[in-house]
Structure formats: structure tokens, C-alpha cells
Amino acid sequence: MTLSAKTLKDFNLRHTAGREEVLDLFLNAGHALAHHDVENGLGPDHDRVTIYRTLRTFLDKGLLHKVLDDEGGTKYALCRETCSDGHHHHDHVHFKCESCGQTTCLDEVSIPTVTLPNGYNRKEMNLLIQGVCQDCNK
């Protein structure tokens, strides 16, 4: 059984060739992917709406999490922690390289504690740092 097939089973997701291919892209990428990155990685034989639904399902099941982009778009990255249906635990930093454009999760870097005023309830925090990644910095 492939890693993708096992992961789909572990997350109680129906196994389809399309879902396995999308998951393979994320497993092999090592960085966050936008919808168009997934489309380009799969090629013209895959339906745009099906890709969107697959990303949405992976997000809802806790397999992927959203990464906000500095350009206002959304990217998706594999959850490294144990997430479940709709409950994500990603208080880590995301880093976008100004040279190669890749956005990566820096799981070992925590977002600093932020104290909100009374009456405000935190749902999610995102911290995006921009600069040059270690690969482009060589």
C-alpha cells in the first residue's frame, strides 16, 4: 500500500486515483501549494472543480491546512500535527521565499503569544515571514 493510500485510509477518506494523485503532489513538494499549482502538477486530464473539492475535503478532514499568501491568495500545506475534522492546531510560522516563491511551514518556530483585548476570541493565527530561504541563500 502506498503512503498516499495509507494516509487516505487513516483519515477515513474514500480512496480514488484523483485523491491519491493530489496527496502525492503534497507529499513530494515539501512546501505549500496553491490550487493552480495542483492543477499544473496534475495536468489537463483533471477537472478544476474536482481538484477544488478534493482540497476542501482534505482541509475539512485535517489532512491539509491553509497558508495565507502575501498576495491575498490561499495555499495549502500538509498538517504535520494530529488534526481532525475541522480542528486544526497550527500555531507555527510560515515562511515565503522572495527568490523562489515557495512557502514552507516552520513547525519548530512558534507564533508568539498575543493577548487580545476583552471581548475578542481568537479562532486562528497566521504569521507569514518573508525573506530568502536556506536553499536560495546558498
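## Reading the elements

Helices (H or I, at least four residues) and strands (E, at least two) are DSSP runs, numbered from the N terminus.

Before going on, a word about the model. It is a predicted one, in which local features need pLDDT of at least 70 and side-chain atom pairs count only at pLDDT 80 or more, while totals for chains, interfaces and linings use all residues. Residues are numbered from 1 along each chain as its sequence is written, and side-chain values use heavy atoms, with hydrogens and water left out.

## The whole chain

The protein chain holds 4 helices and 6 strands. Starting at the N terminus, their order is α-α-β-α-α-β-β-β-β-β. The radius of gyration is 16 Å, close to the 14 Å that the globule rule gives for 138 residues, so the chain is as compact as a globular protein of that length. (This radius is taken over C-alpha atoms, and the globule rule is 2.2 Å times the number of residues to the power 0.38.) Along the principal axes, the C-alpha atoms fill a box of roughly 45 × 40 × 25 Å.

How much of the chain is buried? Of the 138 residues, 34% are buried, where buried means under 20% relative accessible area, exposed means over 50%, and partly exposed lies in between (1.4 Å probe, protein chains only). The accessible surface of the chain comes to about 8900 Å², and carbon and sulfur atoms own 47% of that area; such areas come from the Shrake-Rupley method with a 1.4 Å probe, and for residues only the protein chains shown count as cover. Contacts, meaning heavy atoms within 4.5 Å, also tell us about the fold: among those with a separation of 6 or more, 48% join residues 24 or more positions apart.

## H35 and its surroundings

Let us return to H35. Its relative accessible area is 17%, so H35 is buried. Setting aside neighbours within four places in sequence, H35 touches R48, I51, Y52 and L55.

Which side chain forms a polar contact with that of H35? The partner is E39, at 2.9 Å. (A polar contact is a pair of N or O atoms within 3.5 Å; within protein, one must be able to donate a hydrogen and the other to accept it, and residues adjacent in sequence count only if both atoms are side-chain atoms.) A polar atom of the H35 side chain also lies 3.3 Å from the backbone oxygen of R48.

## T54 in helix α4

T54 sits in helix α4, residues 48-61. With 8% relative accessibility, T54 counts as buried. Beyond its neighbours within four places in sequence, T54 is in contact with R19 and V22.

## H31 in a loop

Where is H31 found? It lies in the loop between α2 (17-29) and β1 (33-34). The side chain of H31 reaches the backbone oxygen of A29 at 2.8 Å. Leaving out neighbours within four places in sequence, H31 has contacts with Q102, T103 and T104. H31 and C105 are 74 residues apart in sequence, yet their C-alpha atoms are 7.2 Å apart in space.

## D107 in strand β5

D107 is part of strand β5, residues 103-110. Is D107 buried or partly exposed? Its relative accessible area of 31% makes D107 partly exposed. Apart from neighbours within four places in sequence, D107 is in contact with R80 and H92. D107 and V93 are separated by 14 residues in sequence and by 6.8 Å in space, C-alpha to C-alpha.
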